[in-house]
Amino acid sequence: MIGRLNHVAIATKDIASAAKIYHDTLGAKVSEPVAQPDHGITTIFVDLPNSKIELIEPLGTDSPIANFLRKNPAGGVHHVCYEVDDIIAARDRMRAAGATITGTGEPRIGAHGKPVIFLHPKDFVGTLIELEQA
Ligand code: CO
């Protein structure tokens, strides 16, 4: 069911220094920071030939990544995002498999303007998974 790896998201308390590491040390092409108040994060995209890295920093007082950064103060891999052809069919398949979908379980519009759902890490080898309709 899952298709391409769309991105790996890395959470950090300091997105400017994370971007500098990716740009200066690793030699990657990085975007300008984009504030996403609807998602409680600021994002910088790192372009790779075959995928993307998203550097994410909390924005506002109630960021969904604040708790992760309390547990991982140095930052770390927050989630991986796989593409699916049909988000509703994917959601229904995950429900039938007994997986826990975070939030209401209804797809919402993600950081790329496409419908997404998130799958709880407890069912997926300890990794938070985002499914995004391609
Ligand atoms: Co994501």
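Start by selecting His 78 and His 79: their side chains make a polar contact at 2.9 Å (a pair of N or O atoms within 3.5 Å, where within protein one must be able to donate a hydrogen and the other to accept it, and residues adjacent in sequence count only if both atoms are side-chain atoms). Before going on, note that this is a predicted model, where local features need pLDDT of at least 70, side-chain atom pairs count only at pLDDT 80 or more, and totals for chains, interfaces and linings use all residues. Residues are numbered from 1 along each chain as its sequence is written, and side-chain values use heavy atoms, with hydrogens and water left out.

**Stay on His 78**

Strands here are DSSP runs of E with at least two residues, helices are runs of H or I with at least four, and both are numbered from the N terminus. Is His 78 buried or exposed? It counts as buried because its relative accessibility is 14%; the cut-offs are under 20% for buried, over 50% for exposed and partly exposed in between, with a 1.4 Å probe and protein chains only.

Now show what surrounds His 78. Skipping neighbours within four places in sequence, pick Ala 9, Ile 10, Ala 11, Ile 56, Ile 65, Phe 68 and Leu 128, which are in contact with His 78 (heavy atoms within 4.5 Å).

**Jump to Val 116**

Next, select residues 115-119, which form strand 8, and find Val 116 there. Val 116 counts as buried, since its relative accessibility is 2%. Leave out residues up to four places away in sequence, and Val 116 touches Ile 87, Pro 107, Arg 108, Gly 110, Glu 130, Leu 131 and Glu 132.

**Zoom out**

Switch to cartoon and you get 3 helices and 9 strands. Trace the chain along the sequence and the order is β-α-β-β-β-β-α-β-α-β-β-β. The C-alpha atoms fill a box of roughly 45 × 35 × 25 Å along the principal axes. Colour by burial next: 40% of the 134 residues count as buried. As for contacts with a separation of 6 or more, 51% are between residues 24 or more positions apart.

Finally, colour by charge, with Lys and Arg as positive, Asp and Glu as negative, and His and the chain ends not counted. The 13 positive and 16 negative charges have mean positions 4 Å apart, each charge being placed at NZ of Lys, CZ of Arg, CG of Asp or CD of Glu.
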